[in-house]
Amino acid sequence: MIDFQYYNKRLGLQLPSPIQQVKMPLLENKGIQLFIKREDLIHPEISGNKWRKLKYNLLEAKRQAQKTLLTFGGAYSNHIAATAAAGYHFGFNTVGIIRGERTHPLNPTLSLATSYGMKLIYLDRSSYRNTNRRELATQLYPQAHYFIPEGGTNTFALKGCQEIVEESMNQMQTPDYYALACGTGGTIAGIIQALNGKSKVIGFSALKSDFLIQEVKQLINYQQYDNWSINTAFHFGGYAKTTPQLIQFINEFYNEHYIPLEPIYTAKALFGLLQLVEKKEIKKGTNILFIHTGGLQGIAGFNESAKMGRQIKIIGDFH
Ligand SMILES: *Cc1c(COP(=O)(O)O)cnc(C)c1O
């Protein structure tokens with residue numbers, strides 16, 4: 001129904017996403033090997049876990065013969081950018097319900113989304129909090145559509161995220177740990193399911209609340225795995241909050257390893273992971289696979305606000 005092999009070629013999707021080892025004195029001192037699965041390289045716009053989460057949703061939308069994808073997101077959302085780009089390439093119309101007011105000009109994320117033909121509907125923050133999103137979607141867009149939740153997380157998304165693990169098993173010896181950033185918990189839930197009790201999984205929450213643990217339990221249908229945990233100590237003030245220390249970490253990491261990180265998810269998670277290594281909370285001799293979940297499209301918007309004097313800029317080729 002969708003010939004993914006054909007589309008992978010046509011879009012130049014870099015799959016399987018490559019794995020590279022990162023060497024640092026800290027890791028050498030502690031006798032730990034760190035590998036990074038570069039999901040950020042899959043595609044510049046449909047990147048990382050957002051591709052994984054969309055894949056089987058695209059298939060399901062085609063199966064249902066839907067022509068329009070509808071979803072929700074913030075104004076800088078990686079999921080909005082990915083849905084707009086994927087919709088365009090796979091032949092769907094797209095509608096994005098965006099939290100907050102329209103800005104003039106549009107920020108880089110939303111201007112990318114509209115360039116792919118996404119119809120944007122703005123919703124004030126208090127209405128946006130309404131939890132019955134399906135109902136809200138039907139009110140705002142009564143025409144037929146395939147509904148994808150904010151962040152892309154549903155059972156189809158979990159199936160796509162399981163492939164991160166399956167792919168990695170063909171690329172390297174099973175690592176002792178999988179480590180990654182978490183928002184809605186969809187990606188980690190898919191990884192936990194695919195591992196079926198093997199290895200260990202550490203998620204780093206990008207949000208302040210610890211509601212996430214409950215979410216993940218629900219997403220994995222309360223299966224009793226005890227090989228995963230979510231660390232909530234590295235949110236840096238909460239969702240989408242940053243500190244100069246975090247931006248400095250991004251820039252230093254890029255200078256030394258030429259691997260870009262973004263400030264909302266991946267930098268917080270990798271920073272947290274290295275702190276755990278530093279504090280000897282991870283055993284000597286351990287192999288860790290860090291999943292770079294992508295999201296680099298958000299840096300242009302971040303740097304734009306940095307230009308207005310709020311924060312230091314993230315270096316690299318992000319326009
Ligand atoms: C959306 C996103 C996440 C969070 O993924 P969840 O499945 O919602 O936990 C992590 N990293 C990046 C770069 C993202 O864009």
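This is a predicted model: local features need pLDDT of at least 70, side-chain atom pairs count only at pLDDT 80 or more; totals for chains, interfaces and linings use all residues.
The chain is assigned two domains, of which domain 1 is made up of residues 4-44 + 154-310 and domain 2 of residues 48-152. The C-alpha centres of domain 1 and domain 2 are 23 Å apart, and contact between the two involves 31 residues of domain 1 and 24 residues of domain 2. The size of an interface is often expressed as the accessible area that is lost when the parts come together. For domain 1 and domain 2, the buried area is about 2500 Å², with carbon and sulfur atoms giving 59% of it. On the side of domain 1, the residues that lose the most area to domain 2 are F4, F156 and Q297, which together account for 26% of what that side buries.

Polar and charged groups also meet between the domains, where three salt bridges and twelve residue pairs in polar contact, both residues being at pLDDT 80 or more, are counted between domain 1 and domain 2. The elements that give two or more residues to the side of domain 1 touching domain 2 are α1 (4-11), α8 (155-171) and α13 (298-307), and the largest share, eight residues, comes from α8. Sorted by class, this side of domain 1 has twelve nonpolar, twelve polar and seven charged residues. A salt bridge is also found between the side chains of R52 and E167, with a distance of 3.0 Å from N to O.

Around the ligand there are 16 residues, of which K50, N78, T184, T187 and T293 come nearest. For T187, a polar side-chain atom is placed 2.6 Å from an oxygen atom of the ligand. In the side chain of K53, an N or O atom lies 2.7 Å from an oxygen atom of the ligand, while for G186 a polar backbone atom is 3.4 Å from an oxygen atom of the ligand.

Most peptide bonds are trans, and most residues other than glycine have a negative phi. In this model, however, a cis peptide bond with an omega of about -5° joins L15 and P16, and P16 belongs to the loop between α1 and β1 (19-22). A cis peptide bond also joins H104 and P105, with an omega of about -10°, and P105 is located in the loop between β4 (93-99) and α5 (108-115). A65, although not a glycine, has a positive phi of about 55°, and its place is in the loop between α3 (48-63) and β3 (68-73).

Conventions:
Residues are numbered from 1 along each chain as its sequence is written. Side-chain values use heavy atoms; hydrogens and water are left out. Domain bounds come from an automatic or database domain assignment. Contact means heavy atoms within 4.5 Å. Buried area is the accessible area (1.4 Å probe) that two parts lose on being put together, summed over both. A salt bridge is a side-chain nitrogen of Lys or Arg within 4 Å of a carboxyl oxygen of Asp or Glu. A polar contact is a pair of N or O atoms within 3.5 Å; within protein, one must be able to donate a hydrogen and the other to accept it, and residues adjacent in sequence count only if both atoms are side-chain atoms. Helices (H or I, at least four residues) and strands (E, at least two) are DSSP runs, numbered from the N terminus. Ala, Val, Leu, Ile, Met, Phe, Trp, Tyr, Cys and Pro count as nonpolar, Asp, Glu, Lys and Arg as charged, and the others, Gly among them, as polar. A residue is near a molecule or strand if one of its heavy atoms lies within 4 Å of it.
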